Amino acid sequence: HLSLRRQRQMCIRDRSILLIIFVSIWSLRLGIFLFSRIVKAGEDKRFRDIKISFSSFLVAWTLSGLWVFLTSANALTAIINNQPLSGNLVSYFGIGLWLSGFLIEVVADLQKKRFRADPRNQGEFISHGLWNFSRHPNYYGEITLWLGIAFIAFPVLESWQLLTLISPIFVYILLTRISGISMLERRADKKWGDDPEYQLYKENTPSLIPMGKKIRRNNE
C-alpha cells in the first residue's frame with residue numbers, strides 16, 4: 001500500500017500538466033512574438049529612453065525578473081502541490097478565462113502586426129478590430145489569462161500559499177501603472193495628441209476593458 005501511494009504521488013496530475021502546458025504556451029508565444037518584433041524593428045522601443053540610464057535599465061530588468069517570479073508564483077505552487085482537477089468548477093472557470101484571454105491577446109497582437117505592415121498606415125494609430133473596443137486589448141488578454149491561472153490554482157492552495165494569488169494583481173498593476181499602458185499612453189499622447197481623430201478615439205474607447213463605444217454628447 002505504501003509503494004502504491006508513493007507511485008500515485010510521483011504521477012503528474014492533470015491540473016499540474018494543464019498549468020505546465022498553459023504557462024509553456026504563453027511563454028513560447030510571447031518569446032517568439034517579442035523576438036521577431038525586435039529583429040524587425042532593430043530595438044525594443046519601450047527601452048529606448050530607459051537604456052541610456054544604467055539605474056533605469058537595472059530597475060527595468062529587475063522588474064522583469066520580479067514579474068516572471070510573481071506572475072508564475074501561484075502556477076508553480078499549484079504544480080508542486082500536484083492535485084487533480086476533480087471536476088472543480090472554479091478550475092474549469094479558470095480554464096475558460098485563460099483560453100479567452102490568450103485568444104484575445106493573440107488576435108490583438110496579430111491585428112496590430114498586420115496594421116503596421118501596411119505602408120498606408122505609416123504613422124497612424126490602430127482603431128479597428130479588437131482595438132475598436134479597447135485601446136489596449138492585448139494587455140486585457142494578458143491580465144485575463146493570468147487571472148485564469150489563479151482560478152485554476154486557487155482550489156489547491158493552502159495557508160501561506162494563498163499569498164501567491166497576488167500574481168494577477170501584480171500583472172494588473174505592472175501593465176496599467178508601471179509599464180505597458182501608462183508608457184504607451186504617454187507616447188501616444190505625444191505623437192497624436194493634436195490629432196482630433198485620436199482624441200475622439202481616446203475619449204470614446206476604454207483604456208483596458210473592452211466595451212461598446214461611448215455615446216457622444218449631443219453638443220458635439
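Reader: Leaving aside its neighbours within four places in sequence, which residues is Thr71 in contact with?
Author: This is a predicted model. In it, Thr71 is in contact with Leu66, Trp146, Ser167, Phe170 and Val171, leaving aside neighbours within four places in sequence.

Reader: And where is the place of Thr71?
Author: Thr71 has its place in helix 3.

Reader: Does Thr71 count as buried or exposed, and why?
Author: Thr71 counts as buried because its relative accessibility is 2%, and buried means under 20%.

Reader: Helix 3, then. At what angle do helix 3 and helix 5 pack?
Author: The angle between helix 3 and helix 5 is about 30°, and their axes are 7 Å apart. The two helices are therefore roughly parallel to each other, since angles under 35 degrees count as such.

Reader: Is the crossing of helix 3 and helix 5 left-handed or right-handed?
Author: The crossing of these two helices is left-handed.

Reader: Which residues in helix 3 meet which in helix 5?
Author: From helix 3 come Trp67, Thr71, Ser72, Asn74, Ala75 and Ala78; they meet Glu142, Trp146, Ile149, Ala150 and Ala153 in helix 5. By class, this contact has 7 nonpolar, 3 polar and 1 charged residues.

Reader: What does Ile149 touch?
Author: Not counting residues up to four places away in sequence, Ile149 touches Leu19, Phe22, Asn74, Ala75 and Trp98.

Reader: One last topic: where does Ile173 lie?
Author: Ile173 lies in helix 6. Its relative accessible area is 40%, so Ile173 is partly exposed; that class lies between the 20% limit for buried and the 50% limit for exposed.

Reader: How far apart are Ile173 and Ile143 in sequence and in space?
Author: Ile173 and Ile143 are 30 residues apart in sequence, and their C-alpha atoms are 9.7 Å apart in space.

How values were computed: Residues numbered from 1 in each chain as written. Predicted model: local features only at pLDDT ≥ 70, side-chain atom pairs only at ≥ 80, totals over all residues. Heavy atoms only, no water. Contact = heavy atoms within 4.5 Å. Axes fitted to C-alpha atoms, helices over the stretch in contact; angles between N-to-C directions. Helix = DSSP H or I, 4+ residues; strand = E, 2+ residues; numbered from the N terminus. Parallel < 35°, antiparallel > 145°, perpendicular 65-115°, else oblique. Left-handed = near helix turned anticlockwise from the far one by under 90°. Nonpolar A, V, L, I, M, F, W, Y, C, P; charged D, E, K, R; others polar. Buried < 20%, exposed > 50% of the residue type's maximum accessible area, 1.4 Å probe, protein only.
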